[in-house]
Amino acid sequence: MEYKISIIIPVYNAADFVADAFESLRAQTLGFDALQILFVDDCSTDSSKDILTAWADEFSNVAVYSTPKNSGGAAGPRNVGLLYADAPYVMFLDNDDYYEPDACETLYCEAVQSDADLVSGYFRDVTFEKEHVNEKTPACPLTGKHIFVLPQQLLAAQDANVIFWCKIYKNALITEHNLRFYEDTQMEDTVFFTSYLLHCKSMIYLDKLVYNFRARASVSRTLNAHYLTKHIRGYAYLYTLYHESGHMDCFDYNVRVVPDYFIPCFFTSEKIEPDEQRDLLQKWQWLVQYTEENALFPSDEIKAPLLAMTARGELDAAVAYGRLCAKYDTVGTMNHNNTLQLAALGARNKAQTSIYLALEKDYERTRSDLFRLNQELLSAQQTIAEIKASRSYRIGSALLSPLHALHHRLF
């Protein structure tokens, strides 16, 4: 049977959740048999491989492949999956996420009918218990159907979100340009999506829920130096892609608030040692400098000095400031959560500054008044001195002296 879509699913220690992903594939209204299911196990240490093998034994459209060694990310397994993808279209599913029942049909039918190079829906966040965190991700602000002519409308297409798994891709375009996932970066999906998008002539966004993303716990306190080093490498790849294609406005769109989020995490993460903080700042400095030079992020008054010092290369000062902020930020919250303590500190300092400025203004006004009065006094003294030095004053004084003496004797 000829498959309509190849679904690539990287798997690592997902025994507790991969069944949700698989059941969502079996429930597809397009037809389960129309899907080529490609599981790629990344050397799991739990029972994931056994679960996948059992499905492959039962269903002819399910295949299981393995990486030779753990790759430490999804890029390697996805690249293995691309080697075996036979269908004209490709979709991606993470091992702990799941599709809506009509996801494949919605995207596939639009792609075939329009011949668009890329068709996208949107996703929602769910908990590990599958409770809905929201009904539509804030990452996708668009409403209604949108058709983008590329590359002319490449910047506008960014609003369709750069998350790559709620989309359907043409396998022929991937093969023609030999597109693969970079395995040395933490942003392999964004880089792959960007590489693909830059080769597209058209993209369609449907205001349709197709994907359920299991929202992970906040990573702000678990980010480590290795992750952040790979992450900044991803932004370097994006910079190169957009720079070479002449679309730096798209790069600006995607990095406008990145340092504002990540840099404070260098000091609040429990996984980053103090001696790693300066090294990380040095690796991220080029991006902080770029965003500051291009006025891309509206940082608040607490983070602004940290980013400014980093941009100027004052890394020792930036480390000292970052540690000071983290000291008052007891819950690791410099990335937009619970910044009450620091905000209160900032507000108090701001109030104190306002009082100081008011007093300084009053002082300057008073000093100005005193200076004016002193000038008037000096002018009056000068006038008196000139009068006393005049001939008329001396004659008058001489004539009046006997009268003053007589007045004192009589009275």
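The structure is a predicted model, in which local features need pLDDT of at least 70 and side-chain atom pairs count only at pLDDT 80 or more, whereas totals for chains, interfaces and linings use all residues. Residues are numbered from 1 along each chain as its sequence is written, and side-chain values use heavy atoms, with hydrogens and water left out.

By the accessibility criterion, 45% of the 411 residues of the protein chain count as buried. The protein chain has 16 helices and 9 strands, these being DSSP runs numbered from the N terminus (H or I of at least four residues for helices, E of at least two for strands). When contact is taken as heavy atoms within 4.5 Å, residues 24 or more positions apart account for 77% of the contacts in the protein chain with a separation of 6 or more.

A nonpolar core is defined here as a set of buried Ala, Val, Leu, Ile, Met, Phe, Trp, Tyr and Cys residues joined through side-chain atoms within 4.5 Å. The largest such core holds 107 residues, of which Ile5, Ile7, Phe39, Tyr235 and Trp284 touch the most other members. Strand S9 (residues 202-214) supplies the largest share of this core, namely 8 residues. In soluble globular proteins, nonpolar side chains tend to be buried together. Once residues up to four places away in sequence are set aside, Trp284 touches Leu228, His231, Ile232, Tyr235, Val258, Phe262, Ile263 and Phe266.

Ile5 is also among the contacts of Ile168, a residue placed in strand S8 (residues 167-170). With a relative accessible area of 1%, Ile168 is buried, and beyond its neighbours within four places in sequence it is in contact with Ile5, Tyr89, Val90, Met91, Leu107, Tyr108, Ala111, Asp117, Leu118 and Val119. The C-alpha atoms of Ile168 and Ser120 are separated by 6.6 Å, although these residues are 48 apart along the chain.

Helix H7 (residues 188-197) contains Ser195, and because 10 of the 10 residues of H7 are buried, this helix is largely enclosed by the rest of the structure. Ser195 itself counts as buried at 13% relative accessibility, and its contacts, leaving aside neighbours within four places in sequence, are with Leu179 and Leu241. Two packed helices are described by the angle between their axes and the distance between the axes. With axes taken as lines fitted to C-alpha atoms, for helices over the stretch in contact, and angles running from 0 to 180 degrees between N-to-C directions, the axes of H7 and helix H8 (residues 225-245) come within 9 Å and cross at roughly 10 degrees. The two helices are therefore roughly parallel to each other, on a scale where angles under 35 degrees count as roughly parallel, over 145 as roughly antiparallel, 65 to 115 as roughly perpendicular and the rest as oblique. At this contact, Thr190, Val191, Thr194 and Ser195 in H7 meet Gly234, Tyr237, Leu238, Leu241 and Tyr242 in H8.

The loop between helix H12 (274-293) and helix H13 (304-311) holds Leu296, which counts as buried at 17% relative accessibility. Leu296 touches Asp252, Val255, Arg256, Tyr290 and Thr291 when residues up to four places away in sequence are not counted; Leu296 and Arg256 are 40 residues apart in sequence and 4.6 Å apart in space, C-alpha to C-alpha. Ala295, in the loop between H12 and H13, counts as exposed at 66% relative accessibility and has a positive phi of about 50 degrees although it is not a glycine. H13 is mostly covered, with 6 of its 8 residues buried, and is followed by Gly313, whose phi is positive, near 80 degrees.

Further backbone features occur in other loops. Asp115, in the loop between helix H4 (103-114) and strand S6 (118-126), has a positive phi of about 60 degrees although it is not a glycine, and at 48% relative accessibility it counts as partly exposed. The peptide bond from Leu150 to Pro151 is cis, with omega near 5 degrees, and Pro151 is placed in the loop between strand S7 (146-149) and helix H5 (154-157).

Terms used
Buried means under 20% relative accessible area, exposed over 50%, partly exposed in between (1.4 Å probe, protein chains only).
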